[in-house]
Structures are given as C-alpha cells and as structure tokens.
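Colleague: I have a few questions about how the labels on this model were assigned. Could you take me through them?

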Amino acid sequence: MATSLTLENFNMNRIQEIIKILGLLPHPEGGYYKETYRSKGYIDADSLGKNYEGKRNYSTCIYFLITSENFSAFHKINQDEIWHFHEGSTIELHTISEDGIHQKHFIGNDILNNEEPQLIVPGNHWFAGKITEPNSYALVSCTVAPGFEFKDFTLPSRKELTTLFPQHKTLIQNFTN
C-alpha cells in the first residue's frame, strides 16, 4: 500500500531536517534558534546607553525557525533587531512601541503583496509573531547590534504586558503564555 506524502508531512519532515542540519535549539520565546555569528570586537560599557550592563560585541546573528505549531511570544531586547527572511511561509509580526503604538508587519518574499524580506524591529519595542499558514514554518536570520546577550532580553508575563498596554489586551493574550 503506497503512502501519500501530504504537504503537512512534507513540512514536518522539512522542519525536523532544518532543526537537525542547522543544530537549532528551543528558544525561550518559542521556535528554535542557533547563534551563527558573534563579532570578535567589543563596544566598551562606557560607550553604551543606560540600558546595558557591561561591554557588548559589535554584532551577533542567529538562525530562527518558527512553526505554525507555536508562536514567538511578546518580548523585547535593548537593541535594534533585523529580520532576514530565508524560506517558508509568511510571518505576521506585531510590534508595540514604548508609547503603545501597535504595528503589524508581514515578513516574507512576496514583496508585490506588501511582504518584507527584511524588517527592522527598533530596540525596546515589544514584538511577537506567528506563521500565517497552517502546517508550515519560516526560517529567518536575526542580526542584532550591539551584540545580543540574554540579559538584554525581557519575556514578560501576560499580566505585566497587559498592565502596560491595556488597549492591546486581546493581541497580548494571543501572543503570551
């Protein structure tokens, strides 16, 4: 009896292959990641703003894979983060500025339909995302400057973020645990 390979099975196999080949690990915000670059040079603590403790590498970069089975929960980092789309389905990314302004972006390769293959999330903006298609995934790279350290990362509770931005309660509920 022949087994049919459905799109769902193909994508699940592809996801597992990508995770294995790239050596991705679970990320605290959701999805999978692996650091691929950390500059050798440093920025001294005296040259960084008040949001930083200690020195930072000039820049860092990761692979990030998200699937339709999970989402990237609302979080923020001190630095600007540049997302570079590689393959898969479109990512719907939500940002909330420090002033509470919400924006929705689409990261993907269909630029004629307002998708952006590269997106910059400004530092100290809260952001979260999901895949727009069922049974799918997206592989991106994320570049951060000054270089990322987990002490620059904030993953709030639903209550904390809703207290800051009550006007976005429903959105926050959809992208927090």
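Colleague: Let's start with tyrosine 37. Which residue stands opposite tyrosine 37 in S5?

Modeller: Cysteine 61 stands opposite tyrosine 37. Bear in mind that this is a predicted model.

Colleague: What makes S2 and S5 a pair?

Modeller: Two strands pair if there are at least two bridges between them. Six bridges join S2 to S5, so they count as a pair, and the two run antiparallel.

Colleague: And how do you know that S1 and S2 pair?

Modeller: The cut-off is at least two bridges. S1 and S2 have two bridges, in the antiparallel sense, so they qualify as a pair. Within that pairing, leucine 25 has tyrosine 33 of S2 as its bridge partner. The two strands form a hairpin with five residues between them, and glycine 30 in the turn has a positive phi of about 115°.

Colleague: Where do these strands sit in the sheet, and what is its order?

Modeller: The open sheet has six strands in the order S1-S2-S5-S12-S7-S10, with antiparallel pairing.

Colleague: Why are S1 and S10 called edge strands?

Modeller: Strand S1 (25-26) and strand S10 (118-121) each pair on one side only. Elsewhere in the sheet, S7 (residues 80-88) and S12 (residues 137-145) pair over eight bridges, and aspartate 80 has alanine 145 of S12 as its bridge partner.

Colleague: Next, histidine 27. Why is histidine 27 called buried rather than exposed?

Modeller: Its relative accessibility is 11%, and buried means under 20%, so histidine 27 counts as buried. Histidine 27 is found in the loop between S1 and S2. Leaving aside neighbours within four places in sequence, histidine 27 is in contact with Tyr32, Tyr33, Phe64, Phe150 and Phe153.

Colleague: Which residues are the closest to the centre of the largest pocket?

Modeller: The largest pocket has a volume of about 270 Å³. Of the 19 residues that line it, the closest to its centre are His27, Tyr33, Ile62, Phe148 and Phe150. S5 gives the largest share of the lining, four residues.

Colleague: How is that lining made up by class?

Modeller: There are eleven nonpolar, three polar and five charged residues in the lining.

Colleague: What makes you say that S8 is largely enclosed?

Modeller: Six of the six residues of S8 are buried, so S8 is largely enclosed by the rest of the structure. Ile91, Leu93 and Thr95 point one way, while Glu92, His94 and Ile96 point the other way, and all are buried.

Colleague: Which strands does S8 pair with?

Modeller: S8 is joined to strand S9 (residues 102-107) by six bridges, and to S11 by six bridges. Both pairings are antiparallel. On the S9 side, threonine 95 has glutamine 103 as its bridge partner; on the S11 side, isoleucine 91 has isoleucine 131.

Colleague: Which residues touch the most other members of the largest nonpolar core?

Modeller: Of its 16 residues, these are Phe64, Trp83, Ile91, Leu93, Ile107 and Val140. Isoleucine 107, leaving aside neighbours within four places in sequence, is in contact with residues including Trp83, Phe85, Ile91 and Leu93. Apart from this core lies another, of nine residues, among them Leu161, Phe165, Leu171 and Ile172.

Colleague: Last, the asparagines. Why is asparagine 114 called exposed?

Modeller: Exposed means over 50%, and asparagine 114 has 64% relative accessibility, so the label applies. Asparagine 114 lies in the loop between S9 and S10 and has a positive phi of about 65° although it is not a glycine.

Colleague: And asparagine 124, buried or exposed?

Modeller: Asparagine 124 has a relative accessible area of 12%, which is under 20%, so asparagine 124 is buried. Its phi is near 65°, a positive value in a residue other than glycine, and its place is in the loop between S10 and S11.

Colleague: What about methionine 12, then: why is methionine 12 partly exposed?

Modeller: Its 32% relative accessibility falls between the 20% and 50% cut-offs, so methionine 12 counts as partly exposed. Methionine 12 is found in helix H1 (residues 7-22).

Key: Residues numbered from 1 in each chain as written. Predicted model: local features only at pLDDT ≥ 70, side-chain atom pairs only at ≥ 80, totals over all residues. Heavy atoms only, no water. 1 Å grid on protein atoms, 1.4 Å probe; cavity = no way out; pocket = protein on both sides within 12 Å on 5 of 7 lines; lining within 4 Å. Points joined across faces, edges and corners; volume = space filled by probe spheres on them. Nonpolar A, V, L, I, M, F, W, Y, C, P; charged D, E, K, R; others polar. Core = buried A, V, L, I, M, F, W, Y, C linked by side-chain atoms within 4.5 Å. Buried < 20%, exposed > 50% of the residue type's maximum accessible area, 1.4 Å probe, protein only. Contact = heavy atoms within 4.5 Å.
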